[in-house]
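Please look over the structure below, beginning with the whole chain and ending with a single residue.

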Amino acid sequence: MNAQVLQAVWAVVLLTGTGTVLGLVVGIVVKLFGAEIDPRIEEIEGLLPGANCGGCGFAGCVAFAEALAHGKAEPTACPSNSAAAVERICALLGVAAGTRNPKVAVVLCGGDNAKARQAALYNGVVDCKDAMLVAGGAKGCRFGCLGLGTCARACPFAAIEITAAGIARVHREFCTGCGKCVAACPRNLIRLVPADAPVHVLCSSPEKGAAKRGVCEVACIGCRKCVKASGEDHITMNGFLAVVNYDNPPTAEVAAVCPTGCLVATTPPAETETADPAREMVHA
Amino acid sequence: MPEQVRFRGGVHPDDGKSLSQAAAIQDAPLLETYTVPLLQHIGAPPKLVVAKGGKVLRGQRLAEPSGFVSAAVHAPTSGTVKEVTEVALPTGRTGPAVVLQADGEDKADEGLAPLTDWAEAEPQVLKQRIVDAGIVGMGGAAFPTAVKLSPPATKPISVLILNGVECEPCLTADHRLMLEQPEAVLTGARILARVLGVRTVRIGIEANKPDAIALLTEKARGTGIEVSGLRVRYPQGAEKQLIHALTGRKVPAGGLPMDVGVVVQNVGTAVAVAEAVTLGKTLYERVTTITGRPVVRPGNWRLRVGTPYAKALELAGGVSFDPAKIISGGPMMGFAVYSLDIPVMKSTSGILLLAREDVTQFTGEACIRCGRCVDACPMALMPGTLSVQIENERFDLAETWHALDCIECGCCAYACPAHRPLVQHLRRAKQEVMARRRAAENKSKR
């Protein structure tokens with residue numbers, strides 16, 4: 001047996017021995033001093049979306065799962081979870097499921113490139129926040145969607161699309177209402193609304209009607225027709241802008257009275273629990 | 001040419017000054033209405049002191065300073081306040097503005113008496129006059145001048161520098177001002193020196209203005225004011241670079257010129273100070289260069305604050321072909337604007353129109369790590385590395401890599417062969433870092 005082979009054998013023996021000894025030490029220490037980890041935490045974590053969106057108010061899905069296991073949070077506090085998963089978490093924890101009003105994000109602007117005027121050609125960083133640095137944004141309307149996708153990149157569920165016409169649109173079936181996009185939009189156009197809200201005013205400009213019409217075909221011109229048709233309780237006026245009262249929304253039919261088409265009716269999102277596409281998209 | 005220190009970095013863009021540097025300053029004819037923005041300076045918005053329907057005279061106060069770092073705003077002509085409304089500003093923001101209907105008489109307000117004996121006047125009196133006249137830095141940043149003249153007792157000032165460098169390409173307003181009002185420049189310098197109590201006054205002018213150097217050198221003979229010609233390199237007119245070039249002193253990162261005992265004032269500011277003191281004139285007009293290849297008659301005009309850009313452009317004969325870009329200020333540091341329906345402000349040093357072939361298209365290509373931006377950066381930053389950090393929204397990293405030291409001079413973007421929008425990235429980072437600092441401050445207060 002030459003020296004080199006002997007050296008190799010020694011190395012194997014030495015490392016295996018060290019590993020075994022250290023493993024034994026770790027095992028003994030854990031056995032003697034290790035804290036019990038609630039096995040439910042891992043199980044709950046598996047039932048959470050795993051997007052770490054922060055919508056629950058905790059630092060991420062693991063932190064939320066721990067809070068749930070210790071009874072410090074409600075299972076419904078996660079805005080992104082499907083109803084089925086919430087039910088299973090409740091069963092696991094042995095608590096009754098509270099009621100939850102699911103919310104979705106809506107971009108309150110309807111002025112895409114076909115309907116709203118651009119003030120100039122913007123040639124710079126493709127991001128709304130950066131575009132705002134160049135004379136406040138190249139869109140004719142100072143309040144409209146810039147369509148450069150800051151919200152879409154912020155969405156952990158890939159629920160926001162920048163359409164071919166250059167405006168952000170929320171895919172309600174994927175939106176979980178976590179609110180990341182609300183914080184991302186530099187023009188504050190995105191709002192979380194009850195998922196069953198029947199109508200939305202897709203305009204956020206407080207300017208006078210004539211000024212808005214000059215730059216956008218689908219602006220709210222402040223004509224108050226919708227307010228008269230539905231009543232002051234359902235739609236209120238904020239200066240020259242109609243605002244849906246989401247606590248007491250009007251019926252979908254009121255959308256028909258809007259002369260510019262900025263009052264838009266929505267259909268409730270299809271029930272998507274079985275497929276759970278949001279999670280698939282995240283993990284895809 | 002005297003010995004000078006070579007400041008770090010810098011570039012040599014085509015100066016484009018030949019278009020307008022021979023054109024003498026012309027007074028703009030009176031307009032029917034002026035839209036005078038209230039917030040024209042860095043600092044707190046001033047408080048409105050006139051009401052709708054009120055009559056004002058030329059030079060009368062429309063708004064008074066609302067704090068130490070604030071500035072008064074004055075009426076550009078006599079007339080009636082039509083309304084106070086929200087208007088678009090050259091900075092890209094909107095802000096309140098007084099719409100003034102001129103009465104055509106242009107009657108002057110006699111509120112501020114000339115201080116003919118300024119050479120004996122108390123520095124406090126002179127400084128108060130500068131506050132009353134609403135004077136802000138005319139080089140472009142519009143920082144209230146009186147604040148710069150009030151250094152804390154712990155920072156003794158030994159040198160006053162007048163900035164006649166005008167390193168920004170295409171702009172010739174300061175050049176013409178030095179040629180046409182050299183006495184006012186020197187009087188302003190002496191008043192500023194008296195306020196600060198300094199003996200050493202230096203005027204820095206780049207060598208591409210030999211006529212201005214010669215004229216001011218001759219006029220300054222016997223006054224103790226030293227005029228220095230400086231080898232041309234952009235951005236020599238940036239405060240910190242000019243201090244380094246003239247005195248060899250380096251302003252520390254995050255510091256101010258007063259940290260090295262220097263105060264820098266623009267020559268335009270000096271003229272405004274001289275006029276405020278010797279004539280009792282408030283700051284309601286300034287010299288602006290209107291230039292660019294599409295402009296029919298590029299030149300320099302004395303424009304009243306509140307003149308719409310569109311009217312200013314009419315003075316220059318309009319355009320001979322459609323411009324690709326309109327810039328408020330110069331090509332390196334100016335701001336692109338989307339409309340001519342914005343008013344001239346105290347800081348409007350130029351209105352520049354660029355032809356299609358003058359405009360670089362940003363293509364969003366990746367950084368090729370050539371390091372040209374690092375060589376060009378006068379603040380010794382690494383713009384390429386910073387821009388990659390910023391693209392990935394790592395503003396925490398950008399802060400530790402000194403994004404806040406960026407002076408937005410544009411040298412990096414000028415030098416970048418990949419045409420990366422480096423200045424836009426840095427501006428974003430500065431905004432985000434400041435926002436994070438404010439948020440952290442609010443949190444610690446609570």
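The model is predicted. Begin with the charges of chain B: there are 51 positive and 45 negative ones, and their mean positions lie 5 Å apart.

Next comes the build of the chain. Chain B contains 13 helices and 17 strands. Its radius of gyration is 21 Å, close to the 22 Å that the globule rule gives for 446 residues, so chain B is as compact as a globular protein of that length. The C-alpha trace spans about 60 × 55 × 50 Å along its principal axes.

How much of the chain is buried? Of the 446 residues of chain B, 55% count as buried. The accessible surface of chain B is about 19,000 Å², and carbon and sulfur atoms make up 52% of that surface. Contacts can also be sorted by distance along the sequence. Among contacts in chain B with a separation of 6 or more, 72% are between residues 24 or more positions apart.

Now turn to one residue. Where is B:Asn163 found? B:Asn163 belongs to strand β9 of chain B, which covers residues 159-163. Is B:Asn163 buried or exposed? Its relative accessibility is 10%, and buried means under 20%, so B:Asn163 counts as buried.

What surrounds B:Asn163 can be listed. Apart from neighbours within four places in sequence, B:Asn163 is in contact with B:Gly204, B:Gly237, B:Leu242, B:Val264, B:Gln265, B:Asn266 and B:Val267.

How values were computed: Residues are numbered from 1 along each chain as its sequence is written. Chains are lettered from A and ligands numbered from 1 in the order in which they are written. This is a predicted model: local features need pLDDT of at least 70, side-chain atom pairs count only at pLDDT 80 or more; totals for chains, interfaces and linings use all residues. Side-chain values use heavy atoms; hydrogens and water are left out. Helices (H or I, at least four residues) and strands (E, at least two) are DSSP runs, numbered from the N terminus. The radius of gyration is taken over C-alpha atoms; the globule rule is 2.2 Å times the number of residues to the power 0.38. Buried means under 20% relative accessible area, exposed over 50%, partly exposed in between (1.4 Å probe, protein chains only). Contact means heavy atoms within 4.5 Å. Accessible areas come from the Shrake-Rupley method with a 1.4 Å probe; for residues, only the protein chains shown count as cover. Lys and Arg count as positive and Asp and Glu as negative; His and the chain ends are not counted. The place of a charge is taken as NZ of Lys, CZ of Arg, CG of Asp or CD of Glu.
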